[in-house]
Amino acid sequence: MEEMILKIEDLCFSFRTYAGEVQAVRGVELGLKKGESLGIVGESGCGKSVTAKSIVRLNPDDVGFYKRGSINFDGKDILNLDTKELLKLRAKDIRMIFQDPMTSLNPTMRVGKQITEGILNAFPKMKKAEAKQIALKALKDTGIPNAETRYEQYPHQFSGGMRQRAMIALALAVNPKLLICDEPTTALDVTLQAQILKLIKDLQEIYDTAIIFITHDLGVVANIAKDIAVMYAGKVMEYGSSNEIFYNCKHPYTWGVLQSIPKVDADKSVPLIPIPGTPPDLFSPPKGCPFAARCSYAMDVCKKVEPPKFIMENKHYVNCWLYHEMAPKTINPITGQEVSL
Amino acid sequence: MKKDKNKISQSAQSVSSEKINVTKEMFVSIKEGSLDAEAIKRPSLSYWKDAARRFTKNPIAIIATVLLAIIIIFAIFAPILSPFTYDENNWAISNQSPSVEHPFGTDNLGRDLWVRCWEGARVSLTIGVLVAFVNATIGILYGGISGFVGKALDNVMMRICEVVGAVPQMLWVTILVIILRPGFMPIVIALSATGWIGMARLFRGQVFQIKELEFVMASKSLGTGSIWIIFKHLVPNAMSPIITSMAFAIPGAIFAEAFLSYIGLGLPLPLASWGNLASNGANVFLTYPYQLIYPSLLICVTMLCFTLIGDALRDALDPRMRT
Amino acid sequence: MSEVLMKVSHLSKEFKVGRKKYLKAVDDISFKVGRGETLGIVGESGCGKTTLGRTLINIYTPTSGEIELSGQVLDIKNKKIRKMLADKMQMIFQDPFASLNPRMTVGEIIAEGWAYRRLYSKKERHDKAVELLEIVGLNEEHANRFPHEFSGGQRQRIGIARALSMNPEVMICDEPISALDVSIQAQVMNLLIDLQKSKNLTYIFIAHDISMVRYISTNIMVMYLGSQMEFGTSEEVYYHPVHPYTQALFSAIPVPDPDTEKSRESIMLEGEIPSPINTPKGCKFSTRCQYVHEICKTERPETKEVAPGHFCACHFPLVDNL
């Protein structure tokens, strides 16, 4: 039985700005097992990136602060970890890749050296020669041709796709337990994106790494994630396996999103059903469910009280009042069936 | 962990930490047609109004502005209200230390320094503001044409700038003042002759940047002509750094005039400017220090105020406010 | 195809990028668009679709080739034609933040075209701007506000209102929804479709989100490094692509459907898109094509009609797919 390597409970993170407090993450709960892949989807401002960065405490600590909650990774309490332990964790156990490889690769240092140094950071007792071998292997594994030559080059000599691969090599060379991917393919062309997604999936199998993949693209998350968390306005609206979320989703926000994208065979005679309005202002988040203002199924209770979590089978859970026993009968527009747990 | 007051349904648990009692009446559908989804709650603020608001919230900016206002008020009224004039010689009271009758003392010809300082303020401030305005005007025209037309014309115009700018400005100024003979207008002309180069480069850079923005393309596709685009789109958006630059240019001009006075090319006596007052005062500094201190103090405070205002303006006009 | 509204013949646009180097962003493109239809243009970065859009609307001057509107050749050296162009074609831009002048109110932005031509009185312009705001789903109180007070989706709608102010026949939509969140994209798409119906507009819809392009388009043109690879109805091109690039492109797009994603075989292209400054000799796709032959590396393929209305620029089109 695989155990959880990551458990996030009631995570709350806010930013202090000149205009007040912005509550970026408001009570997120997530879990991940060894070797699994979790996708976090949501629109801009929903808090997915801040949540992911919280796992390694990469959020700015001068303007941001953790209001409450806990993050438990492999038995360690992340939010209370001392700096030395945290740095060790970032070097070896939890690695991250970002949207723009140019900001994670040091432009003044040769690529090979960066990877080797990363390995030595994680395994201080290792010999340099051995680390170099591992670095070369990582470059080869990520599909960079002529790894020996590329090892000596600088990031600007790499093409865009190769930089992405180099960043992945840098992250995976130390064989981390968890890899966090923050929109790594958003800025890439479609054909390159397909290559990188396949690469990440293949490497995940080889290295047996758990993955958290953050994106706003539903197609990408269908491709790469086994489980999906849907976030909105700083909270998790729904969580379940990929099949559950796409074929049996329970939250009106997820219904709304799936209905607003064109179906594979539909054309403009079949109208898209948009979600009216815009996401709420996180300076003063609304009481109750954040989606209530735009939800066509909203009830009085939704505006006043935050919905509790309703857990269904297959660890699928949803935060929505429609699943309360006192809620009126509603039809799920995706499945066509009555809403039930 | 079951704190809620509702019954637990068979196939699920619910985790609730709400203290509000959830009742059946609350499960009523609400019409979301009353959504004010598109309404904007905050009051409307134009860019300039918002910049003004940010400026006035800056305490240093307020202090500097008030100080400057005081100096300007004195510059206007002090000579009028004083019983003395700036060129009234009176050997009997020469080189007197500051007193109630002569708050800044008198100089070697017995002239009242208080009046001379404030007359000097009029002159120096006028030179400063005038030069800044002329520089800005020439700079905007030159840089605007160069940036907007671009290509070969821009190349030529910028090369001219570089050649002219290669010679130190003070050298140009000195030569021009010698040719035109020292005086108020000659000094203004000399300081404006090359001072516009910085503004021109600045404005040209802004124009280059802005004309590539999509709202300029949108305007073109509406069929508008170049003049319209320049005045409706380029100038309003490019003005901010120019305004800041002008705030910094004024003290530069004031100081340049002081410099000219030191090398004997300032305003001819008996006209008073801060520059020639400081220059004369420097000669007798060891015996009559007050004759240098007061004009210098005025120069320093004024320059500081303009610089602080310039800093505050730059921050206030900075389009950081993208939410 | 209904009455041909726009006909583009051998259009090219070059940029000088150095002493003797030229970037051919748009290379010999030809197509026709019928009135009331939508032409979708898809391609990846460097394919020239944005440059093509801007060249059609005369933001860039074409290096060679012809654009015909309602049978009349657009000779943009002719001042009268240039003036008339604004009334016929308008554009919606990609970046909702950069496409509105931050110093003007929304009402002024929409009314700019009229203000320049000194049409109507100030009050009339305001009223007509409000009318347009209401058509796009905003209201009167927004007319005196400034762009920075609006969300991305709202700004795009203001951009659409501005484009409508000139009563154009053709709207060039340059990635109008790429910068918007998914839940807002459908709002803007629906608005565009409604407007097309009510005003019989013709769209040229440029985007890289192929599912949206397929949804809204009558015909699709696939571009790669400035050249046209394939052209046909959206059904034909999407379900029966004959160009190897189109086939690879469509198979690479992730579909929001886990079963489909897991079961289908994605065609993985090798390498990356070459630089548009040094395009490959012969067929531009030859460096990455899995079916490449010797002739592909030396001779540029001509566009052939492989089926009625379905065109392809390839020496060996995948006609088995038809």
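**Grounds for the terms**

Modeller: Let us begin with strand β3(C), both faces of which are covered: C:T38, C:G40 and C:V42 on one side, and C:L39 and C:I41 on the other, are all buried. Please bear in mind throughout that this is a predicted model.

Colleague: Which bridges join β3(C) to β9(C)?

Modeller: There are 4 bridges between β3(C) and strand β9 (residues 219-224) of chain C, and these strands also run parallel. One partner of C:I41 is C:M221, in β9(C).

Colleague: What are the contacts of C:I204, leaving aside its neighbours within four places in sequence?

Modeller: C:I204 is in contact with C:V33, C:L39, C:I41, C:G53, C:L56, C:V170, C:I172 and C:C173. C:I204 is also named, with A:I212 and A:V230, among the residues with the most contacts inside the largest nonpolar core, which has 270 residues. Helix α3 (residues 113-149) of chain B gives the largest share of this core, 14 residues. From chain A, at least three residues come from each of domain 1 (4-230) and domain 2 (249-341).

Colleague: Why is C:E261 called buried?

Modeller: The count for C:E261 is 20 other C-beta atoms within 10 Å, and the cut-off is 20 or more, so C:E261 qualifies as buried. C:E261 lies in helix α10 (residues 258-263) of chain C. Not counting residues up to four places away in sequence, C:E261 touches A:A222 and A:N223 of chain A, and C:P254 and C:V255 of its own chain.

Colleague: How many residues does each chain bring to the contact between chains A and C?

Modeller: Chain A brings 37 residues and chain C brings 33 residues. On the side of chain A, α7 (160-172), α8 (190-207), α9 (218-224), α10 (242-247) and α11 (252-259) each supply at least two residues. The largest share, 6 residues, comes from α8(A). By class, this side of chain A has 17 nonpolar, 14 polar and 6 charged residues.

Colleague: How does the span of α8(A) compare with the expected one?

Modeller: α8(A) has 18 residues and reaches 25 Å from its first C-alpha to its last, close to the 26 Å expected at 1.5 Å a residue. Its buried residues are A:V190, A:T191, A:L192, A:Q193, A:A194, A:Q195, A:I196, A:L197, A:I200 and A:L203. These pack against α5 (128-141), α7, β7 (178-182) and α9 of chain A, together with α9 (244-252) of chain C. After α8(A) comes A:D208, whose phi is positive, near 55°.

Colleague: Does α4(B) lie largely in the open or under cover, and why?

Modeller: Of the 16 residues of α4(B), the number buried is 1, so this helix lies largely in the open. Helix α4(B) covers residues 151-166 and reaches 22 Å, close to the 22 Å expected.

Colleague: What is the secondary structure of chain B, and how much of the chain is buried?

Modeller: Chain B has 10 helices and 1 strand. Of its 323 residues, 37% count as buried.

Colleague: What makes β2 and β5 of chain C edge strands?

Modeller: They belong to an open sheet of 4 strands in the order β2-β1-β4-β5 (chain C), with antiparallel pairing. Strands β2 (22-34) and β5 (72-73) are the edge strands, as each pairs on one side only. Elsewhere in this sheet, 5 bridges join β1 (residues 4-16) to β4 (residues 64-69) of chain C. There, C:S12 stands opposite C:S64 in β4(C).

How values were computed:
Residues are numbered from 1 along each chain as its sequence is written. Chains are lettered from A and ligands numbered from 1 in the order in which they are written. This is a predicted model: local features need pLDDT of at least 70, side-chain atom pairs count only at pLDDT 80 or more; totals for chains, interfaces and linings use all residues. Two residues are in contact if their C-beta atoms, placed from the backbone, lie within 7 Å. Ala, Val, Leu, Ile, Met, Phe, Trp, Tyr, Cys and Pro count as nonpolar, Asp, Glu, Lys and Arg as charged, and the others, Gly among them, as polar. A residue is buried if 20 or more other C-beta atoms lie within 10 Å of its own, exposed if 12 or fewer, and partly exposed in between; C-beta atoms are placed from the backbone. A nonpolar core is a set of buried Ala, Val, Leu, Ile, Met, Phe, Trp, Tyr and Cys residues joined through C-beta atoms within 7 Å. Domain bounds come from an automatic or database domain assignment. Two strands pair if DSSP finds at least two bridges between them. The expected span of a helix is 1.5 Å times one less than its number of residues.
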